[in-house]
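Subject: Structure handover

Hello,

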Amino acid sequence: MTPQIPLLTVPDYEARARQTMPTALFDRLFGTYGGPTMLSNTNNLKAMDGVKLRPRVLADVSHRDLSTEVLGNKISFPVMLAPTGTHQRAHPEGELASTKAAGIAGTILSLSTAASYSIEEVAAVATAPLWFQLYFFKDRELTEILVRRAEDAGYGALMLTVDNLGARSTEREQRYAYTLEAERILKTFVGVELPNLPNRDNFGSSFESALHWADLDWLRSVTSMPIVIKGIQTAEDARLCAENGVEGLVVSNHGGHALDGTEGTIDMLPEVVDAVGDSLEVYVDGGIRHGSDVLKCLALGAKAAFIGRPIFWGLSVDGQAGLSHILEILRDELDVAMGLCGLSDIKNASPSLVSHPGTRSHRDGLIGSLDRLVELLEQGYIDRNEFDSLKAKLLN
């Protein structure tokens with residue numbers, strides 16, 4: 001018998017999950033690096049690898065603070081659980097196990113509309129803030145019912161997914177056929193007294209494909225929860241988010257499951273951050289496999305990062321304990337990467353920590369040199385007199 005590798009990293013969990021999950025299900029959800037229908041996910045991973053960290057030395061990093069705030073909620077480190085459907089595909093306890101793991105880690109889970117457990121069942125076991133991910137349905141009454149239930153159950157934010165409402169390719173579904181037992185999906189719709197409710201066969205076609213920015217006004221009229229738009233991939237749409245007053249956005253290509261052939265999300269991140277400035281909070285998902293990846297995301301302007309696939313890998317291997325271990329791994333790796341990059345507070349992550357094509361043009365020339373001086377001053381590497389002297393030399 002071939003000995004199993006120890007579970008020391010998230011990729012270790014991925015390899016073990018490939019053994020524990022049905023092959024057709026694993027291929028349907030995660031695909032293969034470089035495989036058919038997985039180009040966007042492959043690009044996510046390639047783009048993440050293309051960003052390089054810039055180590056700094058002789059900085060006092062004896063005490064490192066990984067905590068941050070998202071929409072006013074403090075989390076212990078800047079990793080959150082992305083809205084991913086039907087966690088029971090990986091473990092019978094599904095979202096209940098994921099929610100408990102998030103609570104132990106001191107971070108946020110965003111519950112999918114397509115969850116295995118209901119809005120209320122998940123809220124009942126939560127010990128940390130929850131967000132609710134919403135698909136906007138053609139049936140506006142159903143949409144309103146879901147939003148109001150989430151708010152009544154204490155969810156702290158509404159995450160509206162917008163990146164897969166148009167035409168959808170069915171190639172992946174046909175290439176990797178896998179059917180769940182009917183009782184294991186769309187639990188949130190059980191007991192809703194409306195005709196023609198979405199089901200596993202028509203779920204995607206129930207979405208409102210005519211959704212427009214103007215519909216956000218209606219959404220705000222039925223909830224006081226802050227709104228986060230998930231699925232932003234361009235500066236143009238990021239600016240529209242800011243103009244329409246949303247509180248946050250997620251740079252995301254749906255884990256590579258929507259449009260094949262897009263850029264990696266971390267490559268999209270700098271232009272989105274530049275487009276919105278400080279007007280709203282920016283998060284990112286896609287291709288995060290290491291704590292160092294999280295640091296890269298924050299260096300390029302994200303407030304926090306979401307993980308998606310690792311949720312399933314942890315659950316499949318060891319349920320709640322497996323997902324808790326994955327979160328511990330990411331926290332520990334982030335802590336080490338911070339120390340080796342001379343960063344004592346994660347909230348001070350800046351572009352100076354990375355080498356990335358999206359930052360190079362900005363950092364060239366006088367403006368880039370002045371920005372680096374400001375960063376050195378803020379991080380304590382130079383004092384005010386040194387700053388003024390170096391600044392004067394640059395300007396002369």
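The notes below go through strands, helices, aromatic rings and backbone angles in turn. Please keep in mind that this is a predicted model.

Strand β10 covers residues 281-285, and five of the five are buried, so the strand is largely enclosed by the rest of the structure. That holds for both of its faces: Glu 281, Tyr 283 and Asp 285 are buried on one side, Val 282 and Val 284 on the other.

β10 has a parallel partner in strand β9 (residues 248-251), to which it is joined by four bridges. Within this pairing, Val 250 has Tyr 283 of β10 as its bridge partner. Together with helix α10 (residues 265-276), β9 and β10 make up a right-handed β-α-β unit.

Strand β11 (residues 304-307) also pairs with β10 in the parallel sense, here over three bridges. Opposite Asp 285 stands Phe 306 of β11. Between β10 and β11 the chain passes through helix α11 (residues 291-299), and this β-α-β crossover is right-handed.

Helix α1

In helix α1 (residues 10-20), the buried residues are Val 10, Asp 12, Tyr 13, Arg 16 and Ala 17. Viewed down the axis of α1, they fall within an arc of 145 degrees, so they line one face of the helix. What do the buried residues of α1 pack against? They pack against α2 (23-30) and α12 (309-340).

Aromatic rings

Across the whole structure, a search finds 15 aromatic pairs.

Tyr 135 is in the loop between β6 (130-134) and α6 (140-152), while Phe 203 is in the loop between α7 (171-175) and α8 (215-221), and the two are 68 residues apart. Tyr 135 counts as buried at 9% relative accessibility, and Phe 203 is buried with a relative accessible area of 14%. Both belong to one aromatic cluster, which consists of Tyr 135, Phe 137, Phe 189, Phe 203 and Phe 207.

Positive phi angles

Most residues other than glycine have a negative phi. Leu 71 is not a glycine, yet has a positive phi of about 50 degrees. Leu 71 sits in the loop between β2 (68-70) and β3 (73-75) and is partly exposed, with a relative accessible area of 22%.

Asn 196 also has a positive phi, near 55 degrees. Is Asn 196 buried or exposed? Asn 196 is exposed, at 74% relative accessible area, and is found in the loop between α7 and α8.

Regards

How values were computed
Residues numbered from 1 in each chain as written. Predicted model: local features only at pLDDT ≥ 70, side-chain atom pairs only at ≥ 80, totals over all residues. Heavy atoms only, no water. Buried < 20%, exposed > 50% of the residue type's maximum accessible area, 1.4 Å probe, protein only. Pairing = 2+ DSSP bridges. Right-handed = clockwise from strand over helix to strand, strands pointing away. Arc of directions from axis to C-beta. Contact = heavy atoms within 4.5 Å. Phe/Tyr/Trp six-rings, centres within 6.5 Å; stacked < 30°, edge-to-face > 60°.
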